[in-house]
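Keep the viewer open as you read.

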Amino acid sequence: MATTVSAPRRRAEEFRIHEDVPSTADTEMNEDVVHGEEEEEAEPVEEAEEQETDDDGSDDEASVDSNTQLDMEKLQNSFPGFRNKYRLIKRIGEGTFSTVYKAEDLQYDYYDNSWDLDKENEKWTPPPLKRTDYSTQHTSQTLDHAQRSAQTLGHSSATLDYMQHREQPRRRPKYVAIKKIYVTSSPTRILNELELLHDLRDCQAVCPLITAFRHTDQVVAILPYFRHTDFREYFRKMTVPDMAIYLRSLFTALSYVHHKGIIHRDIKPTNFLYDPTSQRGVLVDFGLAEREGTECKPCLCHDDPNVRRSRLRAAHLAGTGPHNGYPKQDTRPSRRANRAGTRGFRAPEVLFKCTEQTTKIDIWSAGVILLTILSRRFPFFNSADDVEAMIEIATIFGHRRMRAAGQLHGCMFETTIPTIGNVGFSFERIILWSTCRSDDREGLSKDEKMAVEFLARCMDLDPSRRISAVEALDHPFLMMGMDETIEGTGETEEDEMDIIKVQDHA
Ligand SMILES: Nc1ncnc2c1ncn2[C@@H]1O[C@H](COP(=O)(O)OP(=O)(O)O)[C@@H](O)[C@H]1O
Ligand SMILES: [Mg+2]
């Protein structure tokens with residue numbers, strides 16, 4: 001058995017993820033952990049809708065439900081001393097690969113918190129008159145508990161330091177998100193996610209990794225908690241300037257991620273946490289991310305158009321190129337490409353199994369988010385598999401453009417589906433229809449037209465012509481996002497709520 005040691009908080013040095021240290025009696029692995037099959041990396045990874053329950057309701061200990069309590073026990077069993085470090089508050093997300101909890105960082109003052117963006121602006125609020133009583137009471141209970149744990153675990157010096165901090169008047173609680181990665185995830189995948197997060201530590205628009213713990217096959221990543229609202233609650237109410245601000249924030253994150261040569265691969269609303277009040281957003285979930293060029297094989301799309309044409313012609317003549325229809329005895333070697341991502345957000349080159357995918361796949365997905373907002377429909381694409389996804393895209397773009405898109409990657413796109421016309425429909429018409437407006441009477445506003453022009457640059461079927469994140473930041477639509485950004489007030493709604501709650505306790 002092994003216990004865990006946390007890596008030091010974010011600093012510029014090499015990232016150490018986990019070390020096993022000699023066991024203690026308190027470190028038994030959870031017995032109910034399921035050992036499942038590892039997922040295959042190259043296979044499509046589809047995510048069920050993540051269930052967010054982040055309503056920022058009551059945070060007090062009394063409200064912690066029994067399941068969360070149970071999870072806390074399990075974490076404490078795996079990671080001794082966990083209880084002294086974090087207080088689990090509630091489950092905030094359940095994705096395909098993890099369960100995420102909101103927790104209070106009990107040892108915040110004990111560490112270097114360079115990751116904390118709000119630290120600079122932090123204002124100390126004088127404690128309300130009767131709060132001292134509560135704090136003392138609360139602190140002495142925690143102290144008592146910590147002392148007991150420290151004695152049991154033999155961690156006295158660190159814990160005592162921590163306890164001294166706890167004796168000071170209670171500051172505003174600091175929250176973290178604890179991402180408990182399912183043990184069925186492959187170790188390579190987990191390591192990849194943590195390493196990429198470490199590489200991206202200097203980008204404010206990417207949620208940084210504070211530290212990580214491992215105990216046998218259980219890994220938990222600790223991230224700063226980012227207050228956000230469920231996309232479904234605000235996207236229908238967004239004005240065009242709101243959209244511009246949202247996308248500016250997303251593209252700022254993407255420009256940094258792409259500059260580092262990293263493809264996120266899973267851009268979608270649940271992985272971009274956005275707070276409409278402060279108009280700040282952070283990118284999370286690098287579980288499917290990869291470095292551009294990893295396991296790539298040359299694809300025709302990177303060739304010069306003339307070279308591509310002659311290669312396609314040669315392949316066609318040799319009988320190995322694209323066929324009309326589907327051959328009964330297909331002797332062509334099957335094509336393998338990374339198709340990881342989420343249904344409805346996959347770029348056409350992913351669907352065509354391009355073997356040389358680039359950061360542009362993220363731009364397409366960001367475009368799908370914008371299309372969702374402009375059309376007020378979520379999910380906009382609702383395909384069950386990749387073939388249906390191609391049909392959906394082909395319905396918009398038309399047979400002709402879709403066929404050209406396939407040929408970029410050496411694929412032939414053929415269909416007899418009557419709803420797929422030759423030329424498809426413009427984004428403008430689609431948005432008018434989906435928002436129940438008729439094109440002749442009430443067309444799109446000037447701002448919407450600018451957004452649609454930007455959308456077309458993001459959702460270009462040809463990745464080489466698609467706008468890059470850096471170019472996007474100079475686009476007039478995203479520039480609108482710069483003019484409109486409101487000044488951060490420093491104090492957030494949640495902070496205010498926390499103060500009110502403490503007063504209520506008094
Ligand atoms: N730092 C964070 N702050 C607040 N909520 C978070 C944070 N990280 C993740 N979450 C919540 O947990 C959900 C799942 O997290 P994510 O990293 O996307 O895991 P998965 O790989 O399982 O999809 C997110 O959609 C979000 O609601
Ligand atoms: Mg996710």
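## Aromatic pairs and their surroundings

F231 is buried, with a relative accessible area of 5%. Here buried means under 20% relative accessible area, exposed means over 50%, and partly exposed is in between, using a 1.4 Å probe and protein chains only. Please note that this is a predicted model, in which local features need pLDDT of at least 70, side-chain atom pairs count only at pLDDT 80 or more, and totals for chains, interfaces and linings use all residues. Residues are numbered from 1 along each chain as its sequence is written, chains are lettered from A and ligands numbered from 1 in the order in which they are written, and side-chain values use heavy atoms, leaving out hydrogens and water.

First, the overall picture. The chain holds 16 helices and eleven strands; these are DSSP runs numbered from the N terminus, with helices being H or I of at least four residues and strands E of at least two. Of its 506 residues, 52% are buried. Contacts are heavy atoms within 4.5 Å, and among those between residues at least 6 apart in sequence, 73% join residues at least 24 apart. The accessible surface of the chain is about 24500 Å², and carbon and sulfur atoms account for 50% of that; the areas come from the Shrake-Rupley method with a 1.4 Å probe.

Now back to the rings. Rings of Phe, Tyr and Trp (its six-membered ring) pair if their centres lie within 6.5 Å; planes under 30 degrees apart count as stacked, over 60 as edge-to-face and the rest as tilted. By this rule there are 23 aromatic pairs. Why is the pair of F231 and F378 edge-to-face? Their ring centres are 5.3 Å apart and the planes stand at 75°, so the pair falls in that class. The two residues come from distant parts of the chain, 147 residues apart: F231 is in helix α6 (residues 231-234), while F378 is in the loop between α10 (360-375) and α11 (386-408). F378 is partly exposed, at 24% relative accessibility.

F454 and F477 also have ring centres 5.3 Å apart, but with planes at 45° the pair is tilted. Because F454 belongs to helix α13 (residues 446-458) and F477 to helix α15 (residues 476-484), this pair ties together parts that are 23 residues apart in sequence. F454 is buried at 0% relative accessible area, and F477 is likewise buried at 0%.

F231 and F378 are also members of one aromatic cluster, together with Y234, F235, Y246, F272 and Y274.

Two rings have a charge over them, meaning that NZ of Lys or CZ of Arg is within 6 Å of the ring centre and within 35 degrees of the ring normal:

| Charged residue | Ring | Distance to ring centre |
|---|---|---|
| K102 | Y175 | 4.2 Å |
| R189 | F97 | 3.8 Å |

What about the cysteines? With a disulfide taken as a pair of cysteine sulfur atoms within 2.5 Å, the count is zero. The closest cysteine sulfur to that of C301 is in C299, 3.7 Å away, which is too far for a bond. C301 is buried, at 15% relative accessible area. C411 is in no disulfide either, its nearest cysteine sulfur being that of C299 at 7.6 Å, and C411 is buried at 16%.

Finally, N113 sits in the loop between β4 (98-105) and α3 (131-153) and is buried at 5% relative accessibility. Its side chain reaches the backbone oxygen of Y108 at 2.8 Å.

Methods: A polar contact is a pair of N or O atoms within 3.5 Å; within protein, one must be able to donate a hydrogen and the other to accept it, and residues adjacent in sequence count only if both atoms are side-chain atoms.
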